[in-house]
Protein chains: 4
Amino acid sequence: MKAVVYQGPMKVAVTEVPDAKIEQPLDAVIRITTTNICGSDLHMYEGRTSVENGKVLGHENMGVVEEVGPGVDRIKVGDRVSVPFNISCGCCENCNSGWTSFCLRTNPTEGMVGAAYGYANMGPYDGGQAEFLRVPYADFNLLQLPAGSQFENDFAMLSDIFPTGYHGTELAEVGPGDTVAVFGAGPVGLMAAHSAFLRGASQVFVVDKEKDRLNLAKSVDATPIDFAQGDPVEQIMQATKGKGVDRGVEAVGYQAHDPSGEEHPELVLDNLVKVVRATGAIGVVGVYVPEDPGAASAPAKEGRLGWDYGTFFSKGLRMGTGQAPVKRYNRQLRDLIIAGRATPGFIVSHELPLSQAPQGYDKFDRRVDGCTKVLLHPDR
Amino acid sequence: MKAVVYQGPMKVAVTEVPDAKIEQPLDAVIRITTTNICGSDLHMYEGRTSVENGKVLGHENMGVVEEVGPGVDRIKVGDRVSVPFNISCGCCENCNSGWTSFCLRTNPTEGMVGAAYGYANMGPYDGGQAEFLRVPYADFNLLQLPAGSQFENDFAMLSDIFPTGYHGTELAEVGPGDTVAVFGAGPVGLMAAHSAFLRGASQVFVVDKEKDRLNLAKSVDATPIDFAQGDPVEQIMQATKGKGVDRGVEAVGYQAHDPSGEEHPELVLDNLVKVVRATGAIGVVGVYVPEDPGAASAPAKEGRLGWDYGTFFSKGLRMGTGQAPVKRYNRQLRDLIIAGRATPGFIVSHELPLSQAPQGYDKFDRRVDGCTKVLLHPDR
Amino acid sequence: MKAVVYQGPMKVAVTEVPDAKIEQPLDAVIRITTTNICGSDLHMYEGRTSVENGKVLGHENMGVVEEVGPGVDRIKVGDRVSVPFNISCGCCENCNSGWTSFCLRTNPTEGMVGAAYGYANMGPYDGGQAEFLRVPYADFNLLQLPAGSQFENDFAMLSDIFPTGYHGTELAEVGPGDTVAVFGAGPVGLMAAHSAFLRGASQVFVVDKEKDRLNLAKSVDATPIDFAQGDPVEQIMQATKGKGVDRGVEAVGYQAHDPSGEEHPELVLDNLVKVVRATGAIGVVGVYVPEDPGAASAPAKEGRLGWDYGTFFSKGLRMGTGQAPVKRYNRQLRDLIIAGRATPGFIVSHELPLSQAPQGYDKFDRRVDGCTKVLLHPDR
Amino acid sequence: MKAVVYQGPMKVAVTEVPDAKIEQPLDAVIRITTTNICGSDLHMYEGRTSVENGKVLGHENMGVVEEVGPGVDRIKVGDRVSVPFNISCGCCENCNSGWTSFCLRTNPTEGMVGAAYGYANMGPYDGGQAEFLRVPYADFNLLQLPAGSQFENDFAMLSDIFPTGYHGTELAEVGPGDTVAVFGAGPVGLMAAHSAFLRGASQVFVVDKEKDRLNLAKSVDATPIDFAQGDPVEQIMQATKGKGVDRGVEAVGYQAHDPSGEEHPELVLDNLVKVVRATGAIGVVGVYVPEDPGAASAPAKEGRLGWDYGTFFSKGLRMGTGQAPVKRYNRQLRDLIIAGRATPGFIVSHELPLSQAPQGYDKFDRRVDGCTKVLLHPDR
């Protein structure tokens, strides 16, 4: 089958690889209809991870079930499904508690919990930027979708970024009436803003400096804050009459940049501590890493970030972090899409056939051509 | 001052009564700008309560602070405020726990907890269908509103029915993606439907037989279910492909009628048990009473309703009940109004000067002239 | 293999039946070391259910894994395990939400959700009062225990009644400092009392009229309330200086009797409504049924119980009901047993070899010989 | 009246000061029966704060109501009461939400939220290490206790450290069955350990290097971990078979020392990140400050601590922080004391008359004479 394969920094190619097939009794094989390029794929693309050459990429996958193993009795061949990026066993303590993003059994790497498709350090699983994908523990992992092709682009957001943005609002405890500051208007930040309104937020600020992304934020009722135009904390404090916001969401990660383009991994955390009112909560879904060889300072290379913890404590803030357990939210978000109340596909800028994946990576990485989100359709 | 006074069954009059004044150090006196007639005022109007002649009615009040007692240090003269219908002390165990609707100290009646303005059995407090209103424990009870007259009709819903409808969705545990059935499209049911969407519901069914009310439900995106056209349970089961809804809200109360007009106090509870799926939850904000001399059966006279409890248990359902603690929700709902995300005033059908209160009661009681909600403005 | 088989009212026998075996890829077969007789087994024993002759009884099972199907990869042969009484698939919407007691897939009976071993209407599954037991979806359902035989009697409570009693306290929202009234000092009521203290209750009243059971309640620090000595509501109101309790647990069910021995299915619900303070919560784990041909009144035959709903509403009470999702609690309760902080085996009065199961049923049913809980050991 | 007055670094004296008196309508004056020296009083005593000379110290107070203002109608003269260390207004948004530790109105200092008695930067309120104490908003703030002198030492813990330790377990989301690591066996850490068991923890590790404190931990069933004997993380990982603990509580603060006595403000946070399992939660009640002129590094002087945030995120951990809202817990904890289920007084080592306060400060500061907690009794 054809698949998008990593071939070293700044290089992916669509090549022939062995067909995905049933390997375990609980596996399914999915024929991919849509698979997205994720911002976190760019970490690998840019050569900043230890991912091996030849890895099939892609963890934002959906499609139609082609084949199931002998132990699969819920999912049927022909079902249209969304595939959560987390690969989870369904029966360990963490899966039982709803933390499929920290499955204790699917990642064989020593000391690691949580697995994913086509991703560095997340286990030996191929990705879904391909014609077919093997899905372990299919009955537990797969989410059924209505047959057909309706809502394809919206549903394509269910495998990762819509639940991830939503998870940010869950960790931030966003509830009806709350004001929220989302830092980062990339796909995850935009999904967090959309989710905050689904949970009843009264006002959502979205901080970024890219005009097209800020416009997308505005298109879903958020208040854009352009940090190129001035300190975002001051702008939000002014807009809230000095009160600050009830909740904050971090959707940038450790590669935060100041307006001049310099990297400051602690920058967004500091801004959140300033802008969230005392007793508020912060959800962090932008990625931070324990080891970052490319970091500017020695402590940051070890994941040690000197942010303003003293103020964090003084204000009695709470913070939740980590990869989203997609399965905890994807059914409900699917139902909101079907009911027409959620429209996460609004961020899609490009739809390409699988063969044009290299161009998709290139555009997305360089953020040219208004590229906010790229979908690949192996069947088109 | 002028006030709406109860003078016996089907008779209210606007008469002169002694001015509201500061009686305790923590009191405030409010100049009423808007005071609503509530569906529950009709219980008194129709003579089905023990309310005494001469009682000033009205528990849905808002206005401007005219005077404060010497112990009041938060609220200032001139503040525009919403007055929660619950009169609460702010320092008993129930108030401390957020249950201001069950304040242990403000109702001197033996065995009663919870007090309200101008209402039978809810303590010796005059109502606010008047030029002025005395508010006990003003710093604790009053909610500040932006100065001026903007959103007057929306804010007027904050004293009772918007929080009451919202409380129904809270008791029913409505969350993002949920389907909800609201029984009753009166003001409270409509507020519950509006609230369910604010909390992220994917679909909300509203059951009634009055066309104008069903149309109002539709105007806020709910799916109207006309029980005059057929069994509402069957209609909802069909619309949900046999699954039923995740959550149910009771907004009818013990005076439920079947399509023929016969009273069946257990009817709505039975329908909810049928239509809410196993493991779901039900919020009951329609009023049920421990003593109902007018009930058809001997058990119902004592508040004993023979509903389908066996099925309730078998389905593992949960149920929450009771008067809403307005203060738990009114600040957040106010902020949603200011942000333009909640528009509870959509139910208002009539605005009258105080002097026309008798006509307002009459229209509302007979449900003529498209009467869904009547607002009285003593200052117009 | 040998198994306890239902042979009609008041008759069980230990007979040879076909060996339990792997039927599906996700099955395991367990060699039973301990299997309990449950109070609900007596419903079948007494002939008050539609259970068919020849059914192997027993849903409170533990033992050692003898064999696993080809799709089982977590549980290993030789593992000592507790078997939750609920048979759940692990991947339906209810299982995903932690409601394994309402699994949508394992009970093939039309209109029924939730399955169990060896029980009327709970699916075609044989029970574990036998040498061996087939366990579907073994990786999801089974709880691992430390190897050996330590804590056998305590662990034997993990399959049903300890989690069931605990579920009562969860539904009743018992938290630190709360006062609690548990109605019924049978095994489930005693487990609820034990659980309430584990959750930090300050005082737990246990209501019954059997001296030996009240003594057991006292042995775990509960305050016994003997309803043969006077109205239990009055006793508790007096002990709480008129305040009532914060939380109530129903552990009796529809076959409640007054002191004279007459059956009143609504009796305990009425008492709970009286004794739980306004804004409190009630957990109902005693069984109520939608159809009860043996009931005294026509409504009760249809599960319609005329309890004091008017007061329930007036006090703003909440109520949760239904069969316990064992898996939600059994791991934590196991850990409390291992740590020596929970000792649920305190209720065991009799340990018998499987061959003496008929005597066990007889003693337990007649409540003679101080019989509170009977354990059967097929391997002794 | 006599009071303990700060007179510069390492110097407190019992001197005559003006009598506490009613200043506002909602005030009460309390005759102090017991007032404790708190570990945080030592920050002032050691001269590391900006507290002014002449300040009356003491925020852990209890006593009997001597006089009430004209707006006080719940609390009566003669009531025995516990005084929460937080001074809160009872009607701001934070007080309404249960966050009395972040009252928006009682601290007049620009930019500060939350007030306390006799403490640097916490508002202009005198402390209670004195014969009498003025209590603002008395009806809201005071907790009634049973008359008499029973449980005096246990009740004395209700004003601060018992609720503070409990708050650590609340922020850490400790629930039944959990394993917990508490860092710090000072009074707050010991209260956290005691609280963790009240909430159902199965095992609680307490980390310290002081033998007497570790013995106190052991006396309430905790597992002592002596970090002078080896890396506490390794010791706990070994005791949990490599799994780590479910929950962690920080009860040390920014003045954490390694075994050699060197200060490392990030040390405990790093250890917690290592020892709490993925998806777990951490409650921080040890104090961290935004400005610490005495810190060793430039970032730490500004409250910027370079702890292992990358691992914190990778493990999906949650963290809650800040001063405890005493009122949220003190009623329930009082009831547990009365019921004999909580015995927080176990940490008291010294009871002195007020006149010996200087000796008490000295012993506690130098940790000599087995000094773990000092109580002052002005009336003895």
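**Exercise 1. Describe how domain 1 of chain A meets domain 2 of chain A.**

Step 1: separation. The centres of domain 1 and domain 2 of chain A, taken over C-alpha atoms, lie 26 Å apart. Domain 1 covers 2–160 + 325–377 and domain 2 covers 162–321; the bounds come from an automatic or database domain assignment.

This is a predicted model: local features need pLDDT of at least 70, side-chain atom pairs count only at pLDDT 80 or more, and totals for chains, interfaces and linings use all residues. Residues are numbered from 1 along each chain as its sequence is written, chains are lettered from A and ligands numbered from 1 in the order in which they are written, and side-chain values use heavy atoms, with hydrogens and water left out.

Step 2: contacts. In domain 1 of chain A, 26 residues touch 17 residues of domain 2 of chain A (heavy atoms within 4.5 Å).

Step 3: area. About 1,900 Å² is buried between these domains, 68% of it from carbon and sulfur atoms (accessible area, 1.4 Å probe, lost by two parts on being put together, summed over both). Y329(A), L333(A) and F346(A) supply 31% of the area that domain 1 buries against domain 2, more than any other three residues.

**Exercise 2. Describe the interface of chain A and chain C.**

Step 1: contacts. Each side is counted: 17 residues from chain A and 17 residues from chain C.

Step 2: area. The chains bury about 1,300 Å² between them, with 49% from carbon and sulfur atoms. D73(A), C91(A) and R331(A) supply 30% of chain A's buried area against chain C, more than any other three residues.

Step 3: charges. The count is 4 salt bridges (a side-chain nitrogen of Lys or Arg within 4 Å of a carboxyl oxygen of Asp or Glu). One of them joins D73(C) and R105(A), whose closest N and O atoms are 3.0 Å apart.
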